[in-house]
Amino acid sequence: MKKYLKFFLLLTIMLSVSKPVDLHAYKILYAEQFYRLYHQHFYQYPEDTMENIHYLGMALRSDFANPLNALATIENEKEWEKYRYLFYMHVNLKLVDSYLKLGMKYDKRNAYFYNYPWKFSNLDSLETAEECYRYALNFWEDAIEWSDKAAEHKFAWMFIEEIQFWEDESFRIQTGDLNYQKTINRELDRLQKVREAFEAMDQNTY
C-alpha cells in the first residue's frame, strides 16, 4: 500500500510542476489550406471519399491566400491570374475523380437473376450512383471552363513550373487527350441498361 501511495504522491508532484503544453491551433480559411487537406486513402471507403469532397468543395468556395503563400512562386499579376485558373481547374478535376469513385461504390455493374430479392435496394443504389456520375459531369464542365481561361492567348509561353502537373492537365484537356465526358457518358449508358434489367425482374425471372 505504501508503495502505491508513494507512486501517486510522486505523480501528483510531477504534474503540479510540469508546464502545460502549448498547442497552436488555427482556423482554416484559405483555398490552398483546404486543398492541402485532400489526401489518398488506402481503402477508399465512401466516407473517406466524402471527406475529400468536403475539403475540395471548401477549397472552391474559399478565398485564396496571399500570393506569398501560394502553392507556387508567383512573380507578377499575370502569373497570379493564371495560377488561380489552374487551381480551380485542378480542384474540379479532383472532384470529378472523387465523385466517380463514390459512384462506383454504389454502382451495381450487373443485374444477376438471383439479385431479385434485393431488386429495390439495388435500384436505390443505382440512383445514388447516377447522381454521383452527374455531379462528376458538372465538375468536368467547370474544369473545361477554367482550363479555357488558363489557355487564353495572353498566357502563351507562360508556364508556372512548380505546378507543372496542373499545366499538363490543362494541356491534355485542350488537346482532347483528357476527356472525362466520354467516360462518364459511357458509365451512365451502362447504368441505364442495368437499371432496365432490374426493373424487368419479377417472380417469373427468379
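Which residues does Asn122 touch, not counting residues up to four places away in sequence? I will come back to that in a moment, after a word on what we are looking at. This is a predicted model, in which local features need pLDDT of at least 70 and side-chain atom pairs count only at pLDDT 80 or more, while totals for chains, interfaces and linings use all residues. Residues are numbered from 1 along each chain as its sequence is written, and side-chain values use heavy atoms, with hydrogens and water left out.

To answer the opening question, Asn122 touches Lys108, Asn115 and Phe198, where contact means heavy atoms within 4.5 Å. Asn122 sits in helix 5, which covers residues 119-150, and with a relative accessible area of 9% Asn122 is buried. Buried here stands for under 20% relative accessible area, exposed for over 50%, and partly exposed for what lies in between, using a 1.4 Å probe and protein chains only.

Let me now step back to the whole chain. The protein chain has 7 helices and 0 strands, so that from the N terminus on its elements read α-α-α-α-α-α-α; helices (H or I, at least four residues) and strands (E, at least two) are DSSP runs, numbered from the N terminus. Of the 206 residues of the protein chain, 40% count as buried. Its accessible surface comes to about 14000 Å², of which 55% belongs to carbon and sulfur atoms, and such areas come from the Shrake-Rupley method with a 1.4 Å probe. Among contacts between residues at least 6 apart in sequence, 79% join residues at least 24 apart.

The next topic is helix packing. The axes of helix 3 (residues 46-61) and helix 4 (residues 77-106) come within 10 Å and cross at roughly 155°, the axes being lines fitted to C-alpha atoms, for helices over the stretch in contact, with angles running from 0 to 180 degrees between N-to-C directions. That makes helix 3 roughly antiparallel to helix 4, since angles over 145 degrees count as roughly antiparallel, under 35 as roughly parallel, 65 to 115 as roughly perpendicular and the rest as oblique. On the helix 3 side the contact includes Pro46, Met50 and Leu60, and on the helix 4 side it includes Phe87, Lys94 and Tyr106. The residues of this contact divide into 13 nonpolar, 3 polar and 2 charged, where Ala, Val, Leu, Ile, Met, Phe, Trp, Tyr, Cys and Pro count as nonpolar, Asp, Glu, Lys and Arg as charged, and the others, Gly among them, as polar.

Lys94, in helix 4, is buried, with a relative accessible area of 19%. Leaving aside neighbours within four places in sequence, Lys94 is in contact with Tyr38 and Leu56, and its C-alpha atom is separated by 9.0 Å from that of Phe139, 45 residues apart along the chain.

Helix 5 and helix 6 pack at an angle of about 100°, with their axes 9 Å apart, which makes helix 5 roughly perpendicular to helix 6. Among the residues making this contact are Trp140 and Asp148 of helix 5 and Ser170 and Gln174 of helix 6, and the contact divides into 5 nonpolar, 3 polar and 1 charged.

Finally, Glu169 lies in helix 6, residues 164-175, and counts as buried at 10% relative accessibility. Leaving aside neighbours within four places in sequence, Glu169 is in contact with Met89, His90, Leu93 and Leu178.
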